[in-house]
Amino acid sequence: MRIFKQCLLFITLLVAAQPALALTSIHLLNYEDSYGNISLKYSGDIHLPNPLIVNGNLNLENSRIRRLPLNLTVKGNLNLAYSSIEQLPLALKVEGYINLAYSKIKELNFGLQVLGDLSVAHTQLKKLPDNLYVKGNLFLQNSNILTLPNKLVVDGNIYIGNMPLKDLPSDIIIGGSLYR
């Protein structure tokens, strides 16, 4: 077991040390568990295959990956917390939550639909896109967002603590509550 852990650590360090290593779908099998979850936490700047379909969760927390595949489907949750991701692909489908907390995200796509929670807490985002739909909760704490977008629909709660939000648009729809 100890040799296995050392080999795994060596492989992880090798992937983290190599910039822009391209992984194929076959390579990703080494990072996939029996539930279809793929974890590339703490990985280096690697290129993921396009298209990429993940049957479970995709965890890229603390990774240095800068670009997601142009066509990405995640049948579970997408965790990009503390990652180097700056933008989401246009052909993004996520059936669970999207966690962008502490990431380097610069903008979100017009009409983004999130079927779980969306967290942009502690990001440098200055605005959210118009026509944003969040089926779960929206977490905005400690972000730089000054105003909420037009036609925002959140079925759950919105958490806006410690941010410079000035006012709410008249066409906002909140299924839950607004928390400061």
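Phe-139, Tyr-159 and Tyr-179 form one aromatic cluster. Rings of Phe, Tyr and Trp (its six-membered ring) pair if their centres lie within 6.5 Å; planes under 30 degrees apart count as stacked, over 60 as edge-to-face and the rest as tilted. By this rule the protein has three aromatic pairs. The model is predicted: local features need pLDDT of at least 70, side-chain atom pairs count only at pLDDT 80 or more, and totals for chains, interfaces and linings use all residues. Residues are numbered from 1 along each chain as its sequence is written, and side-chain values use heavy atoms, with hydrogens and water left out.

**Aromatic pairs**

- Tyr-82 and Tyr-102 are stacked, at 4.6 Å centre to centre and with 5° between the planes.
- Tyr-82 sits in the loop between β7 (78–79) and β8 (91–94), and Tyr-102 in the loop between β9 (98–99) and β10 (113–114), so this pair ties together parts that are 20 residues apart in sequence.
- Tyr-82 has 43% relative accessibility and counts as partly exposed; buried means under 20% relative accessible area, exposed over 50%, and partly exposed in between (1.4 Å probe, protein chains only).
- Tyr-102 is also partly exposed, at 38% relative accessibility.
- Phe-139 and Tyr-159 form a stacked pair, 4.9 Å centre to centre with 5° between the planes.
- That pair links distant parts of the chain, 20 residues apart: Phe-139 belongs to strand β13 (residues 138–139) and Tyr-159 to strand β15 (residues 158–159).
- Phe-139 is partly exposed because its relative accessible area is 21%, and Tyr-159 is partly exposed at 23%.

**Overall make-up**

- The protein has two helices and 17 strands, taken as DSSP runs (helices H or I, at least four residues; strands E, at least two) numbered from the N terminus.
- Of the 180 residues in the protein, 44% are buried.
- Among contacts (heavy atoms within 4.5 Å) between residues at least 6 apart in sequence, 7% join residues at least 24 apart.

**Second largest pocket**

- Residues lining the second largest pocket include Arg-66, Arg-67, Gln-87, Pro-89, Glu-107 and Asn-109.
- A pocket is an open set of points on a 1 Å grid over the protein atoms alone where a 1.4 Å probe fits, with protein on both sides within 12 Å along at least five of seven lines; lining residues have an atom within 4 Å of a point.
- The second largest pocket has a volume of about 200 Å³, which is the space filled by probe spheres set on the points, joined across faces, edges and corners.
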